Amino acid sequence: MREKLIERGLLLVAFSALAMLFLIAYFIFREGVPLVAKVGVWHFIASTHWAPSRGQFGILPMIVGSLEVTILAVVIGATLGLSCAMFLAEFAPRGSVRVLKPMIELLAGIPSVVYGFIGVVVLIPWIRRTFGGPGFSVLASAIILGIMILPTVIAITIDALNAVPPLYKEGSLALGATRWQTLYRVQLPAARSGIIAAFILGMGRAIGETMAVIMVAGNALTMPTSLLEPVRTLTSNIALEMGYASGDHQAALFATGMILFVIIAILNTIALVIARPRT
Amino acid sequence: MIIRPLAWQRIVWVALAAMTLFTLVVLFFIIGFIASKGAHVMTPEFLFGMPERMGKEGGILPTIIATIYITLLAIAIATPIGVGSAVYLTEYTRESPVTSIIRFGADALSGVPSIIFGLFGFILFVIRLRMGWSILAGGLSLAFMILPTIIRTSEEAIRAVPYNLREVSYSLGGAKSQTIVRVVLPNALPGILTGVILGMGRSVAETAVVIFTAGSSLLIPKSLFDPARTMAVHFYILAREGLSMERAYGTALLLIVAILLINVVAYSLMFRLTRKMR
């Protein structure tokens, strides 16, 4: 009898993560949906005018900004991260990996605000000097986010490469392939789903990141037309205005969160489909 | 022109080595930069003094205390729920649609961005449940955020406990719950602790959640219902409003050192655990 009760209790506890997910979605949508219904879905996601005091709630520039920054960040993070992981897993001396990998993983813990701060004091002056413009830009945000997701991408990619059965590698080498041919033609395809998972995790972190982006993006309300122009992302829109918003304005920020929620759900679903191992 | 495979390999080697070097330099530059600019700020007066003129002068004691309170509260809430979920998933069920739904919940929760936890915590805890900006609202919101980490690591740790330990306990007449409490959990403890400590690191580093749920008061919090400003929030405000670059560097350095220490403990526990298993 007592054992049965404990089992029931634990089952309830085990559902708490799912319950929390629903609770979060419920509260965000409950605040956001009425506003979207009031101004119209089309106006909300396709208008470029965001002027809460005049009742204009168009978040298209922020959707575009978020996607632009995220895609560019993943390109940067994936290129550097994959190169670094391939080198550490296959070409670098064994001992150096054992030291470097935990060190890189530790770097994943550095707070995002610190990355943003480094962006402000180092990266932005550099962009201003080299390319001109205000410095606060799509480019700055993408670089900072790209660097921020590096530790995650590197660590998971190394794990994925190491998880490839050694027989594959030995077989390929025995057939006379070079180590690079083996890595490129055998190990990378075999580790494909793990590597894609690493990119997707990085992408999730990039699109959801708030504080680092606020500090370097410039947060202008216009449609970004060049990489050197300031941009406002969905996340920074919420964080910047939450402090003083009320009424419809506050509801519009929850609705912004709702769109972010939906975009992330879509990205994760696509990711799941792509990452599923070929059968 | 055809490049021979071995020549190709040499070219690739150089290219990858250059990228790796660049990546490592960038990552370690961040720590080095903060350390070199912040080291001289780290005096006892800074660490144990009260802030003056909104943090332009003086120390950061209240933010250190607030960070410790909020982090411990988040851990205290998330750990029992996380370990309980993990015990159910590993000890009480086989793989079934139910477990995959539960796992989906945990995975999806871990993909929710922190700003959403902030919004949610603000509307539910701060506004609807009338907690106001407080340690309690901040700790609860962070607990939601770190729960998936704790479930995942606990699950792996419990799964790694050899099955025959359980059989010995059963053969001695131990009930299922006794076996779990006396045999399984003690053996899984280092792994569970790793998850808890990683969650701690994430709580200390978090800004977006805490700023909307715990507020940014610079007073020393005296109860769960007092508003408070964590180190990460303090650093953000110092840097963004340009109040004091010096103190911003100092706070950033303390933040990084604290998180690196926390993570080193977590990883060394994990390392010892995996070595024991071999």
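Tutor: Helices (H or I, at least four residues) and strands (E, at least two) are DSSP runs, numbered from the N terminus. With that, the elements of chain B run α-α-β-β-α-α-α-α-α-α-α-α-α from the N terminus on. The model is predicted, so local features need pLDDT of at least 70 and side-chain atom pairs count only at pLDDT 80 or more, while totals for chains, interfaces and linings use all residues. Residues are numbered from 1 along each chain as its sequence is written, and chains are lettered from A and ligands numbered from 1 in the order in which they are written.

Student: How many helices and strands does chain A have?

Tutor: Chain A comes to 13 helices and two strands. Its C-alpha trace spans about 75 × 70 × 35 Å along the principal axes.

Student: And what percentage of chain A is buried?

Tutor: Buried residues are 47% of the 279 in chain A. A residue counts as buried if 20 or more other C-beta atoms lie within 10 Å of its own, as exposed if 12 or fewer do, and as partly exposed in between, with C-beta atoms placed from the backbone. For chain B, the buried share is 50% of 278 residues.

Student: Now H9 of chain A. Which of its residues are buried?

Tutor: In helix H9 (residues 179–190) of chain A, the buried ones are Trp180(A), Thr182(A), Leu183(A) and Gln187(A).

Student: Why are they on the same side of H9(A)?

Tutor: Because they cover an arc of only 135 degrees around the axis, the arc being that of the directions from the helix axis to the C-beta atoms. On the other side of H9(A), Arg185(A) and Pro189(A) are exposed.

Student: What covers the buried residues of H9(A)?

Tutor: The cover includes helices H4 (60–91), H7 (138–162) and H8 (166–174) of chain A, along with helix H1 (5–38) of chain B.

Key. Two residues are in contact if their C-beta atoms, placed from the backbone, lie within 7 Å.
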